[in-house]
Amino acid sequence: MSTVVLPRRAALATLPGRRRTGRRTAWTLVALLAALTLLAVVARLLAPDDPIQPVAAPQLPLGSPEHLLGTDAIGRDVLSRTLFGLQTSWFSALAVVAVGLLVGGAVGVAAGVGGGWVDALLMRVTDLFLALPSTLVAIALVAALGPGLRNTLLGMSIVWWPYYARLVRAEVRSVVARPHVEAARLAGVGRVRLVLRHVLPGVVPTAVVTASLDIGNVVLLLAGLSFLGLGQPAPAAELGADTAANTQLLLSAWWVPVVPGVAVLLLSLVANLAGDGIRTLLGTRR
Amino acid sequence: MLRFLLRRTGSLIVVLLVLSAVVFLLQQVSPGDPARAALGANASRAAVAAERHRLGLDDPLAVQFLRFLGHAVRGDFGTSYRTHRPVATDLASAFPATLELVLAAFVVALLLAALFAASSALSWPFAGIGRGVLLVVATAPPFLLALVGIVVFYARLDWLPGSGRGEGGPGSELAHLVLPATVLAIAPALAIGRILRAGLEATLAADHVRTARSKGLGQAAVLGRHVVRNAIGPSLAMSGLQLGFLFAGTVVVEQVFSWPGMGNYLASSIPTSDYPAIAAVTLVLGAVYVVVNTLADVLQTAADPRLA
């Protein structure tokens, strides 16, 4: 099995060839990310109508006075549904990335610090997971567990950690080889303290940058699962599912399926840009 | 090289076994009961138990897994709950369509990647706009790209067909391919293009290229003989990886365009919880993905033996 970290689509952003942004631009992008998160937090308060109940005539066009983004096939407010869906999408993506980072990070640190057979065993398992097509396995997993937000998040988390394990393990190995760790060990620093105080600080920036660049990919994959009917069941407002449910309106009321899709684009675009910004600010090599 | 090949084949077999184990275990936890599905909802409990025994569903898990493997290797994936045909028959008719779509998308991705990289490395005027568009479009969910493509190029402009595979001559088939293949190609195009651009830029700045220029070689000769060949290695590896991703990416795109392939078959099997079909598609597309990745790895090592 090759020992290179397989660059999945997630990691492409971190490969050479992606341009660096200036610090000022970087802060702006991070502020944009913060604004989007704030929007997701207050989405329920901003939504003008109930997302589940019909509130007006069906298929009102864009820019209708009471309903800015129109209404869907049964007269539900598209803006309200999109805001609710945006909240679910954003926090789900953050949750999956956070779980991936924590579980993968723990495995990576254990392998990197443990060395020897611990390292060999953990990385064998990780490589096996990495070699499987994560999208397909996620689809099959959620289909088997049954749809629903909890199962979707569970399924995604199961396929998403190995990449972080590889990354963190490689970083830990490179930090452990540096003189300051050797010095600390010679000074009699205990194992736990060595990891927490002398190794982890060198690993966290890379892991955080990679994770932030990864959020956009998770947003896209979750939207894809939702589009296939593997998200929350029917009346719930969810971006991918709302697009899928309204594709037959494409030629008569295109905005009904397109608006939720544009919201997904917005989330993943902001996440990607902000990831670039965070990388500039933390100044990591990767 | 031989040792590398043996090692790579060994790990390929292990990964394929793990893939089948994952699919098998998922089939175990999925709520559907094949015996109940075969007999219908009104069958008596005793009849279902007898059917379970006949199908071997009361055997130990290990025995069931071996039987599952044996059937899978012979192309027997059971009967679809939805179409009531053998899943293998359904897949056999769907696979060529998926292969056609993926290969077309791969060609489009390579073309776009080459444009992206060359326009940036050689600073073509005005190409920055095109690159910016590709950067934004690549962050869009594929289903949005597909829908916008249908609205613009089918409904408004009426340049291209919006769904199906097309019959009646190669012209119609090609026209039906354009939209789905392009939508599928966008994200891989950017991924390959970035790597290619990095390679091109590094090579353009290399000493041997300066030497080639200073001995008076024209741009075409410099690029063709001294730059492209040296710059292309890492992007070949990325291309192999992305070819694997394309197979997984067909699920959403085929569904939106009603493309009669395996992705569409999987997407239609999900709402009906047709688990034999879901398992079979996961297994087949997953195996293709794993094999393609291994081949890309081997090819890259053949091109650059230092990697072995």
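Start where the two chains meet: helix α12 (residues 255–282) of chain A packs on helix α7 (residues 142–156) of chain B at an angle of about 135 degrees, and their axes are 9 Å apart. Axes here are lines fitted to C-alpha atoms, for helices over the stretch in contact, and angles run from 0 to 180 degrees between N-to-C directions. The helices themselves are DSSP runs (H or I, at least four residues; strands are E, at least two), numbered from the N terminus. That angle makes α12(A) oblique to α7(B), since under 35 degrees counts as roughly parallel, over 145 as roughly antiparallel, 65 to 115 as roughly perpendicular and the rest as oblique. The crossing of α12(A) and α7(B) is left-handed; that word applies if the near helix is turned anticlockwise from the far one by less than a right angle, and right-handed if clockwise.

Before going on, keep in mind that this is a predicted model, in which local features need pLDDT of at least 70, side-chain atom pairs count only at pLDDT 80 or more, and totals for chains, interfaces and linings use all residues. Residues are numbered from 1 along each chain as its sequence is written, while chains are lettered from A and ligands numbered from 1 in the order in which they are written.

Which residues do the touching in this pair? From α12(A) come Pro257(A), Val258(A), Gly261(A), Val262(A), Val264(A) and Leu265(A), and they meet Phe143(B), Leu144(B), Leu147(B) and Val148(B) in α7(B). Contact means that the C-beta atoms of two residues, placed from the backbone, lie within 7 Å. For the classes, Ala, Val, Leu, Ile, Met, Phe, Trp, Tyr, Cys and Pro count as nonpolar, Asp, Glu, Lys and Arg as charged, and the others, Gly among them, as polar.

Now zoom out to the whole interface, where 44 residues of chain A are in contact with 45 residues of chain B. On the chain A side, the elements giving two or more residues are α1 (9–12), α5 (116–131), α6, α10 (191–227) and α12. That side divides into 30 nonpolar, 12 polar and two charged residues.

Pro142(B), Leu145(B), Ala146(B), Gly149(B) and Phe153(B) in α7(B) meet Leu179(B), Val183(B) and Ile186(B) in α8(B). The tally is seven nonpolar, one polar and no charged.

Helix α1 (residues 2–29) of chain B also reaches across to the other chain. Its 28 residues should span 40 Å at 1.5 Å a residue, and its end C-alpha atoms are 41 Å apart, which agrees; the expected span is 1.5 Å times one less than the number of residues. Among its buried residues are Leu12(B), Val15(B), Leu16(B) and Leu19(B). Buried means 20 or more other C-beta atoms within 10 Å of a residue's own, exposed means 12 or fewer, and partly exposed is in between, with C-beta atoms placed from the backbone. The buried residues of α1(B) pack against α5 and α6 of chain A together with α4 and α13 of chain B.

Helix α9 (residues 207–214) of chain B is another story: of its eight residues, the number buried is zero, so it lies largely in the open. After α9(B) comes Gly216(B), with a positive phi near 95 degrees.

Most residues other than glycine have a negative phi. His84(B), though not a glycine, has a positive phi of about 60 degrees. This residue is in the loop between α4 (61–73) and α5 (87–121) of chain B, and is exposed, with 8 other C-beta atoms within 10 Å. Ser273(B) has a positive phi too, near 50 degrees. It is placed in the loop between α12 (262–269) and α13 (275–303) of chain B and counts as partly exposed, with 18 C-beta neighbours inside 10 Å.

Finally, chain A as a whole: 12 helices and zero strands. Of its 286 residues, 50% count as buried. Its C-alpha trace spans about 75 × 45 × 30 Å along the principal axes.
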